[in-house]
Amino acid sequence: MPDSSLRLSSITAATNGKLKDENEDVLAPFSFEHFRPYDIAGNCAPETKLTVARWLYIFTHRGTGFGDRIGSRVKITEISVSGMPNEPEKKEARVVAEIIVDEDMTNPQGVIHGGCSMYLVDILSTLPLSALDFEQGGAGNAGVSQAIHTVFHAPARMGDNLRIVSTSLSVGGRTMTCRCEIWDTTNHRLVVSATQVKMQSTRL
């Protein structure tokens, strides 16, 4: 397994190259000094937690991109990797995050917009795949979205606390699958469930 510091350097180099025109050093302000992985629950190594949080930072760091104001308010609370219940020889990763529904997340009826829910699913269900890849010796690659199947179960209103639980399902040579559930912990009900299929990115 490659040294974790080398793999962290790999993800930094890859993302800096991809975002070079926007920001020569997009991850420069993001380090152990600015992020405390020990504050996040879960059994993953601090380097894995840092890698996962870096991806969330990459997805939301600009401040002017689609959903950035919302994404920047997401707080990761747990990152874990364990044996799959029905396939003990394989591993699954789980990432838990939280956010409070605010006005910029709602539709005219005052409940969370379906597009906002899918945005949260898109970025947060990616994170366990990154965690699993890093824990298994990779660079923590996140891939790109191929398909997202979403079911809306109940509304969440402004001020409700959301708990987003994302778990990896399968990882193949080209595609990866993960599931995501958005829970309204204020009213104790499931808001959204979704499955995302991701694929390895190709050069444009």
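Predicted model: local features only at pLDDT ≥ 70, side-chain atom pairs only at ≥ 80, totals over all residues.
User: Start with aspartate 68. Where is it found?

Analyst: Aspartate 68 is in helix H3, residues 68-71. Helices here are DSSP runs of H or I with at least four residues, strands are runs of E with at least two, and both are numbered from the N terminus.

User: Is aspartate 68 buried or exposed?

Analyst: Aspartate 68 is buried, because its relative accessible area is 2%. Buried means under 20% relative accessible area, exposed over 50%, and partly exposed in between, with a 1.4 Å probe and protein chains only.

User: What does its side chain reach?

Analyst: The side chain of aspartate 68 reaches the backbone nitrogen of threonine 64 at 3.4 Å. A polar contact is a pair of N or O atoms within 3.5 Å; within protein, one must be able to donate a hydrogen and the other to accept it, and residues adjacent in sequence count only if both atoms are side-chain atoms.

User: And which residues is aspartate 68 in contact with?

Analyst: Leaving aside neighbours within four places in sequence, aspartate 68 is in contact with Phe59, Thr60, Arg62, Gly63 and Tyr119. Contact means heavy atoms within 4.5 Å.

User: Tyr119 is on that list. How many aromatic pairs does the structure hold?

Analyst: The structure holds 2 aromatic pairs. In one of them, phenylalanine 66 and tyrosine 119 have ring centres 5.8 Å apart and planes at 85°, so the pair is edge-to-face. Phenylalanine 66 is in the loop between helix H2 (46-60) and H3, while tyrosine 119 is in helix H4 (residues 114-124), so the pair links distant parts of the chain, 53 residues apart.

User: Which cut-offs apply to ring pairs?

Analyst: Rings of Phe, Tyr and Trp (its six-membered ring) pair if their centres lie within 6.5 Å; planes under 30 degrees apart count as stacked, over 60 as edge-to-face and the rest as tilted.

User: Change of topic. How many residues of helix H5 are buried?

Analyst: In H5 (residues 127-135), 7 of the 9 residues are buried, so the helix is mostly covered. The buried residues are Leu127, Pro128, Leu129, Ser130, Ala131, Leu132 and Phe134. Just after H5, glycine 137 takes a positive phi of about 100°.

User: How do H2 and H5 pack?

Analyst: H2 and H5 pack at an angle of about 145°, with axes 9 Å apart. The contact involves Glu47, Thr48, Thr51, Val52, Trp55, Leu56 and Phe59 of H2, and Leu127, Ser130, Ala131, Phe134 and Glu135 of H5. Axes are lines fitted to C-alpha atoms, for helices over the stretch in contact, and angles run from 0 to 180 degrees between N-to-C directions.

User: Now valine 95. Where does it lie, and what does it touch?

Analyst: Valine 95 lies in strand S2, residues 91-100, and is buried at 2% relative accessibility. Not counting residues up to four places away in sequence, valine 95 touches Val52, Ile76, Glu78, Ile79, Leu127, Pro128, Ile164, Val165 and Ser166.

User: And isoleucine 76?

Analyst: Isoleucine 76 is found in strand S1, residues 75-83, and is buried with a relative accessible area of 9%. Its contacts, leaving aside neighbours within four places in sequence, include Val52, Leu56, Val95 and Leu127.

User: How many bridges join S4 to S5?

Analyst: S4 (residues 161-171) and S5 (residues 175-184) run antiparallel and are joined by 9 bridges. Two strands pair if DSSP finds at least two bridges between them. S4 and S5 form a hairpin with 3 residues between them, and isoleucine 164 has isoleucine 182 in S5 as its bridge partner.

User: What about S5 to S6, and S3 to S6?

Analyst: S5 is joined to S6 (residues 189-199) by 10 bridges, running antiparallel. S3 (residues 144-152) is joined to S6 by 8 bridges, also antiparallel. In S6, threonine 195 is the bridge partner of arginine 179, and glutamine 196 is that of isoleucine 148.

Terms used. Residues numbered from 1 in each chain as written. Heavy atoms only, no water.
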